[in-house]
Amino acid sequence: MQYVELNIDGAIIRTPKGTSVLDAAIEYGICIPHLCHVPNLSDMGACRLCIVENIVNGHSKITTSCTLLAEDGMVIRTNTERIRHLRHNIAELLVAQAPNSRAIQDIAVRCGVTHVRYPFHNDDCVLCGRCVRVCTEVWKAKAIGFVGRGKERHVDYPFGIRPDFCKQCENCIQICPMTIKPCDGPMKEGEERLCGNCASQLILANETPGSCVWCKLGEGFACGRYAQ
Ligand code: SF4
Ligand code: SF4
Ligand code: FES
């Protein structure tokens with residue numbers, strides 16, 4: 001097997017060629033917030049939470065780390081002020097889109113979000129594509145897919161009807177961030193505030209920011225550390 005060596009947040013990490021920067025970081029214990037990434041499935045760069053700075057010849061480029069393959073000599077920064085600011089905004093928009101998702105609330109708190117400045121939508125899907133990829137790549141069923149464009153874009157069966165080739169495995173439901181049981185105090189219009197009381201949130205925020213602590217969210221959400 002061929003290996004490459006890259007620098008992530010000052011740590012020299014050796015990883016098999018073909019590994020994404022996100023996987024290399026997680027494997028080393030540097031937790032880059034992520035939502036649409038699922039271990040062993042392809043990556044589509046949908047949520048943009050996993051952005052990092054890729055420093056090339058002294059110039060920094062912002063890119064999603066799940067879609068960026070690790071290369072020899074790469075210099076990656078996951079936790080700069082610029083990244084924290086952008087990630088905070090991305091997380092805030094996600095919460096506004098789906099304020100009652102516990103998974104999204106947890107990730108948002110990790111990204112430092114306490115108040116949400118955007119109007120709430122209460123969408124039932126954040127278009128992360130986890131369900132579509134598990135159906136296509138694990139179950140080889142292709143029973144669901146993205147339909148429509150722009151604001152009309154959503155996940156559906158062909159012609160809106162569950163096809164016979166759907167295996168009724170329910171993996172699409174289990175893997176969806178919208179189906180994780182919400183916390184007791186889901187946010188309502190006019191209460192755009194994250195309480196931050198979840199144990200997983202506080203452990204991550206207060207003790208070892210920037211590195212994986214085997215949080216409860218990860219356990220319930222098939223984070224790479226738990227899936228191994
Ligand atoms: S229940 Fe059907 S649509 Fe959902 S992942 Fe399984 S095969 Fe795909
Ligand atoms: S239904 Fe759930 S898993 Fe599928 S794209 Fe929407 S939020 Fe993601
Ligand atoms: S985890 Fe990389 S864009 Fe969603």
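Which residue in E2 stands opposite Leu6? I looked this up first. Ile13 stands opposite Leu6.

**Ground rules**

I am working on a predicted model, where local features need pLDDT of at least 70, side-chain atom pairs count only at pLDDT 80 or more, and totals for chains, interfaces and linings use all residues. Residues are numbered from 1 along each chain as its sequence is written, chains are lettered from A and ligands numbered from 1 in the order in which they are written, and side-chain values use heavy atoms, with hydrogens and water left out.

I take helices (H or I, at least four residues) and strands (E, at least two) as DSSP runs numbered from the N terminus. Two strands pair if DSSP finds at least two bridges between them. Strand E1 covers residues 3-8 and strand E2 residues 11-16. The two run antiparallel and are joined by 6 bridges. They form a hairpin with 2 residues between them. In the turn, Asp9 has a positive phi of about 55 degrees.

I then checked the other partner of E1. Strand E5 (residues 75-77) runs parallel to E1, with 2 bridges joining them. Here Asn7 stands opposite Val75.

Next I read the side chains along E2. I call a residue buried under 20% relative accessible area, exposed over 50% and partly exposed in between (1.4 Å probe, protein chains only). The side chains of E2 alternate. Ala11, Ile13 and Thr15 point to one face and are buried.

Ala24 is in helix H1, residues 21-28. Its relative accessible area is 1%, so Ala24 is buried. I also looked up its spacing to Ile8, 16 residues away along the chain. Their C-alpha atoms are separated by 8.9 Å.

How many of the 9 residues of H3 are buried? I count 7 of the 9, so H3 is largely enclosed by the rest of the structure. The buried residues are Ala103, Ile104, Gln105, Asp106, Ile107, Ala108 and Val109.

**Entry: salt bridges**

My rule for a salt bridge is a side-chain nitrogen of Lys or Arg within 4 Å of a carboxyl oxygen of Asp or Glu. Side chains of opposite charge can pair when their charged atoms come close. The count comes to 2 salt bridges.

In one, the side chains of Arg82 and Glu53 meet, at 3.7 Å from N to O. This pair links distant parts of the chain, 29 residues apart. Arg82 is in helix H2 (residues 81-97) and Glu53 in strand E3 (residues 51-56). Arg82 is partly exposed because its relative accessibility is 43%. Glu53 is buried because its value is 8%.

Arg117 forms a salt bridge with Glu92, and the closest N and O atoms are 2.8 Å apart. This pair also links distant parts of the chain, 25 residues apart. Arg117 is in the loop between helix H3 (102-110) and helix H4 (130-138), while Glu92 is in helix H2. Arg117 is exposed, with a relative accessible area of 59%. Glu92 is buried at 0% relative accessibility.

**Entry: ligand shells**

I list a residue as near a ligand if one of its heavy atoms lies within 4 Å of it. For classes, Ala, Val, Leu, Ile, Met, Phe, Trp, Tyr, Cys and Pro count as nonpolar, Asp, Glu, Lys and Arg as charged, and the others, Gly among them, as polar.

The residues around ligand 1 include Cys135, Cys166, Cys169 and Cys172. Lys167, Gln168 and Glu170 are also among them. By class, this shell has 7 nonpolar, 1 polar and 2 charged residues.

Around ligand 2 I find, among others, Cys125, Cys128, Cys131 and Cys176. Gly129 and Arg130 are also in this shell. It divides into 9 nonpolar, 1 polar and 1 charged.

**Entry: positive phi in the loops**

Arg48 is not a glycine, yet it has a positive phi of about 65 degrees. Arg48 lies in the loop between H1 and E3. It is partly exposed, at 40% relative accessibility.

Gln168, from the ligand 1 shell, has a positive phi of about 50 degrees and is not a glycine either. Its loop runs between strand E7 (154-156) and helix H5 (171-174). Gln168 counts as exposed because its relative accessibility is 54%.
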